[in-house]
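Dear colleague,

Please find below the structure that I am handing over to you. I would be grateful if you could look through it before reading my notes.

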Amino acid sequence: MSDSDIGFLLSVAALLLFTVAIVVTKVASSRIPLGLGFLIATVVNVVFAGLALLVQLAIRVDAVEWNTTAFWLFVIAGAFSTYLGRWFFYESVVRFGPAKASIFQVSSPLFTAVMAWSLLSENLSWLVVLGLLFTIAGLMMVAYQPGFFSRSRAPVDGIPAAPTSLRSRLLASIFLLGLGSSLAYAIGNVLRGSAVRSWPEPLLGAWLGAVSGLLLHLAFTSGRAGLFARLQEADKKGVWLYVLIGGSTISAQVFVIASMQYIPLSVATLVTLCTPILVFPISHWLLKSGEQFTPVMLAGSALAMLGIFIIVTR
């Protein structure tokens with residue numbers, strides 16, 4: 001099996017785990033608010049990865065060789081991906097809805113490719129670039145919903161439709177929030193890719209990023225005083241669902257970081273972003289969500305799969 005095959009298998013495993021997390025989130029968010037739920041998931045990220053790391057250290061023969069530069073790259077990557085990227089993304093979900101928020105996410109592999117090319121001298125063949133563009137275009141078609149470009153919107157959670165302060169104006173811009181999320185995830189991916197190639201410790205790297213993201217989340221999230229009380233009052237089934245989400249997401253992060261050792265960063269990121277192709281049919285048939293397949297969505301799925309086929313068979 002070639003290095004490329006290993007990289008694709010690892011990224012597909014990450015894709016499947018991210019899909020599980022998204023589908024479970026659809027169920028869990030009806031029981032526990034996303035803010036509290038993802039704090040639970042982030043704590044589980046740290047605990048689950050920490051326990052797995054202890055098992056790995058106990059059974060491995062060779063010792064971990066220390067790499068200070070890679071250590072800080074993993075830590076900073078966690079700040080960008082686990083904290084900033086997630087904050088921007090869910091802020092845009094709350095204010096503008098999941099369709100508008102998610103459509104910006106598919107631009108992350110483009111930012112990753114540009115940064116990897118300029119900073120890490122990572123080159124892509126024209127066939128891979130073509131497949132990348134096909135897949136991104138297809139995912140945008142899958143995520144698109146009528147009215148995406150409509151500027152009119154009603155206030156959400158008491159947020160005025162015509163903000164006056166600079167912070168309010170920035171938070172009222174779907175472009176700035178979506179772009180911020182996409183850039184934050186792309187920067188985190190480039191930092192992780194650079195770190196794992198010089199320090200092949202994907203599990204340790206994922207744990208460091210999770211710790212970094214959790215500390216920032218606890219430091220800057222409001223309502224910390226009543227957090228324990230809210231956890232005690234929370235729906236128990238909802239808590240366990242978010243535990244499952246936490247275990248799935250951190251496992252997916254380990255796989256995608258590991259895949260970056262074998263395939264280009266943008267390709268690894270792109271494969272894991274193909275979740276809409278799996279989430280929509282699962283939501284329709286298993287969760288009975290009522291989401292209908294449209295000709296645009298089906299055409300987008302076909303275009304995205306064609307792009308992935310081009311990349312895999314290049």
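The notes below concern the salt bridges.

This is a predicted model, in which local features need pLDDT of at least 70 and side-chain atom pairs count only at pLDDT 80 or more, while totals for chains, interfaces and linings use all residues. Residues are numbered from 1 along each chain as its sequence is written, and side-chain values use heavy atoms, with hydrogens and water left out.

The structure contains four salt bridges (a side-chain nitrogen of Lys or Arg within 4 Å of a carboxyl oxygen of Asp or Glu). One of them pairs D235 with R31 at 3.2 Å, N to O. D235 lies in the loop between helix 10 (227–233) and helix 11 (236–259) and R31 in the loop between helix 1 (3–28) and helix 2 (34–59), so this pair ties together parts that are 204 residues apart in sequence. Helices here are DSSP runs (H or I, at least four residues), numbered from the N terminus. D235 is partly exposed at 28% relative accessible area, and R31 is partly exposed at 36%. Buried means under 20% relative accessible area, exposed over 50%, and partly exposed in between (1.4 Å probe, protein chains only).

A salt bridge also joins E201 and R60 (3.0 Å, N to O); these residues are 141 apart and link distant parts of the chain. Both E201 and R60 are buried.

R197 and E122 form a further salt bridge, with their closest N and O atoms 2.8 Å apart. R197 is partly exposed at 39%, whereas E122 is buried at 10%.

Yours sincerely

Definitions and conventions:
Helices (H or I, at least four residues) and strands (E, at least two) are DSSP runs, numbered from the N terminus.
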